2 protein chains.
Amino acid sequence: MENIRELFQVMTRRFGLLNKNCCSIDVVDISLVQSHILYEIDKREHPSMQQVAEALGMDITTFSRQIQNLVKKGLVKKTPLPEDRRVYTLSLTTEGKFIATTIDREINRYLDEVFSHMTEFEKETVIRSIKLLNECMAKSSVCCKPLF
Amino acid sequence: MENIRELFQVMTRRFGLLNKNCCSIDVVDISLVQSHILYEIDKREHPSMQQVAEALGMDITTFSRQIQNLVKKGLVKKTPLPEDRRVYTLSLTTEGKFIATTIDREINRYLDEVFSHMTEFEKETVIRSIKLLNECMAKSSVCCKPLF
DNA sequence: AATTAATAGTTGTATTTTGCAAATAAAATT
DNA sequence: AATTTTATTTGCAAAATACAACTATTAATT
């Protein structure tokens with residue numbers, strides 16, 4: 001039996017580098033963490049700071065400063081929540097949305113290319129496998145509780 | 001069809017957090033990048049600085065300083081290569097090896113737990129899928145050339 | 001052989017990122 | 001009304017990063 005961790009390590013490193021590369025294309029030029037933040041805000045509906053920071057496994061203070069940077073860059077908007085004025089709600093500006101979309105398109109373009117080396121059946125199998133993996137990781141109680 | 005990038009993002013983020021958590025268990029307490037460096041040195045046979053830095057997609061100057069730290073901590077040994085005295089060969093000390101092994105065991109323990117939520121057949125399928133994925137990513141010319 | 005170019009790694013320096021502790025400010029609980 | 005909890009921000013000091021310039025060694029060119 002092959003080393004399973006090794007397989008994961010190679011895969012995630014490749015995907016990580018892809019993510020990194022896709023941050024500095026064209027007009028877009030942000031850091032990897034910033035791109036992850038944009039992604040996460042885009043995915044959710046007006047999440048709070050806490051929620052996004054926790055999802056990314058980031059310290060809230062570091063996160064707070066990163067958000068300040070993104071607000072300064074005009075990519076993120078911070079809106080106070082009327083019901084609870086301690087909380088700030090995050091959303092993407094038009095430009096932030098544009099950048100998130102550009103990065104997303106670029107990454108999907110790469111993934112398409114990768115899957116083009118497979119048969120349709122293999123592709124289906126791989127995708128189903130990753131889904132299953134994610135479900136099982138979510139079930140696991142040992143470690144890593146990012147509530148997807 | 002589901003969003004493929006999303007699946008990857010969730011999976012790699014979970015695995016990334018796992019990696020991070022496993023750096024600070026018991027006696028072990030190193031940073032995530034340092035653990036990646038240890039892993040990569042352990043995997044190869046006396047790699048050069050360049051090789052490891054490139055594999056990790058790190059700037060060589062940053063890498064150089066990280067190695068200095070790891071040498072100071074007594075986890076890594078730097079040996080000049082006799083045939084080419086510009087080159088340094090990297091290896092783990094006994095303690096470095098111990099730490100790398102501890103982390104590896106911990107991560108595999110988690111992965112076992114994750115796979116325990118599947119049937120044997122599913123597990124086989126998932127592992128074969130990741131292998132296939134790695135092969136196809138290696139084939140791809142678009143992006144991310146870390147030569148595993 | 002002497003000179004030049006290329007390669008491997010290090011250091012100077014300035015910027016960015018990080019995270020703990022402490023602060024603020026607004027709920028929620030007593 | 002007083003206390004506690006929660007969400008976020010700042011002070012600060014340490015760590016990580018990367019560009020440019022450097023040293024040392026080997027390879028290539030003349």
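The legends below describe close-up views of a predicted model. Local features need pLDDT of at least 70 and side-chain atom pairs count only at pLDDT 80 or more, whereas totals for chains, interfaces and linings use all residues. Residues are numbered from 1 along each chain as its sequence is written, chains are lettered from A in the order in which they are written, and side-chain values use heavy atoms, with hydrogens and water left out.

**View 1. The protein surface near DNA strand D.** In this view 21 residues surround DNA strand D, the closest being M49(A), Q50(A), S64(A), R65(A) and K78(A), where near means that a heavy atom of the residue lies within 4 Å of the strand. Sugar and phosphate make up 67% of the atoms of DNA strand D that come within 4 Å of the protein. The largest share of this surface, 5 residues, is supplied by α4(B).

View 2. The side chain of S64(A) places an N or O atom 2.7 Å from a phosphate oxygen of DNA strand D, and for the side chain of Q68(A) the corresponding distance is 3.2 Å.

View 3. The side chains of E40(A) and K43(A) meet in a salt bridge at 3.6 Å, N to O (a side-chain nitrogen of Lys or Arg within 4 Å of a carboxyl oxygen of Asp or Glu). E40(A) is buried at 1% relative accessibility, while K43(A) is partly exposed at 32% (buried is under 20% relative accessible area, exposed over 50%, partly exposed in between, with a 1.4 Å probe and protein chains only).

Technical notes: A polar contact is a pair of N or O atoms within 3.5 Å; within protein, one must be able to donate a hydrogen and the other to accept it, and residues adjacent in sequence count only if both atoms are side-chain atoms. Helices (H or I, at least four residues) and strands (E, at least two) are DSSP runs, numbered from the N terminus.
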